Amino acid sequence: MIDKSAYMLRISQAGPIQLVVINFELIVEFLTVAKDLASNAKTSEDMDEFRTAIQKAKNGIDQLIEALDLSTPLANDFYGIYDYAFKRLSDIHYTLDAEKAISCTTEILEIMEALLKGWRETASKHSDEAPWAGEVPKVYTGLTYGRDGQANEHVDDNASRGFMA
């Protein structure tokens, strides 16, 4: 399943290109979950979970569409791909045909994985990119309450905010 806290930490430290990569990673994860659910669907609850995963993937694609600057030719090309993927996922959102759901999900998953690979290559070339929000907020590593009901905080002032190995 998707580790939300790991993604939230990555998002808080990401620059614009890395945010696109994270969005693609989430889309791929949701499509993978949807494909697995469609393959093993036995009850209507499984199909409800399938629909939820498809909707989350569509939300990610919608974010990609909204972020495009359509004044550039390349953005128009991306728009065509994103729009196709969105429409295909919309077609199967409420399907009861598991074979159709698996086929469509597989097709869109392959497209998104190919785009993710390209964005990862782009991100690796721009690894020195500053975080999107400019100054990154402080991360609270511990928060407890004392006997007097007052919060005792510890703020991690490490500028790198990464994990040391």
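The model is predicted, so local features need pLDDT of at least 70 and side-chain atom pairs count only at pLDDT 80 or more, while totals for chains, interfaces and linings use all residues. Residues are numbered from 1 along each chain as its sequence is written, and side-chain values use heavy atoms, with hydrogens and water left out.

**The whole chain**

Select the protein chain and colour it by secondary structure. The chain contains five helices and two strands, in the sequence pattern α-α-α-α-α-β-β. Here helices (H or I, at least four residues) and strands (E, at least two) are DSSP runs, numbered from the N terminus. Of the 165 residues, 32% are buried, that is, under 20% relative accessible area with a 1.4 Å probe, protein chains only.

**The core**

Next, select Phe24, Leu31, Phe50, Ile61, Tyr82, Leu89 and Met112, the residues with the most contacts inside the largest nonpolar core, which has 40 residues. Such a core is a set of buried Ala, Val, Leu, Ile, Met, Phe, Trp, Tyr and Cys residues joined through side-chain atoms within 4.5 Å. The elements giving it two or more residues are α2 (16-39), α3 (44-66), α4 (73-92) and α5 (98-125). The greatest share comes from α2, with 13 residues.

Centre the view on Tyr82. Leaving aside residues up to four places away in sequence, Tyr82 touches Phe24, Ile61, Leu64, Ile65, Leu68, Leu115 and Trp119; contact means heavy atoms within 4.5 Å.

**Helices α2 and α5**

Now display α2 with α5. They pack at an angle of about 160°, with their axes 9 Å apart; axes are lines fitted to C-alpha atoms, for helices over the stretch in contact, and angles run from 0 to 180 degrees between N-to-C directions. This angle makes α2 roughly antiparallel to α5, a term for angles over 145 degrees. The residues of their contact comprise 19 nonpolar, six polar and four charged. Ala, Val, Leu, Ile, Met, Phe, Trp, Tyr, Cys and Pro count as nonpolar, Asp, Glu, Lys and Arg as charged, and the others, Gly among them, as polar.

**Helices α3 and α4**

Finally, display α3 with α4. Their axes come within 10 Å and cross at roughly 160°, which makes α3 roughly antiparallel to α4. To see the contact, select Phe50, Ile54, Lys58 and Ile61, among others in α3, and Tyr79, Tyr82, Phe86 and Leu89, among others in α4. By class, this contact has 12 nonpolar, one polar and three charged residues.

Key
Buried means under 20% relative accessible area, exposed over 50%, partly exposed in between (1.4 Å probe, protein chains only). Angles under 35 degrees count as roughly parallel, over 145 as roughly antiparallel, 65 to 115 as roughly perpendicular and the rest as oblique.
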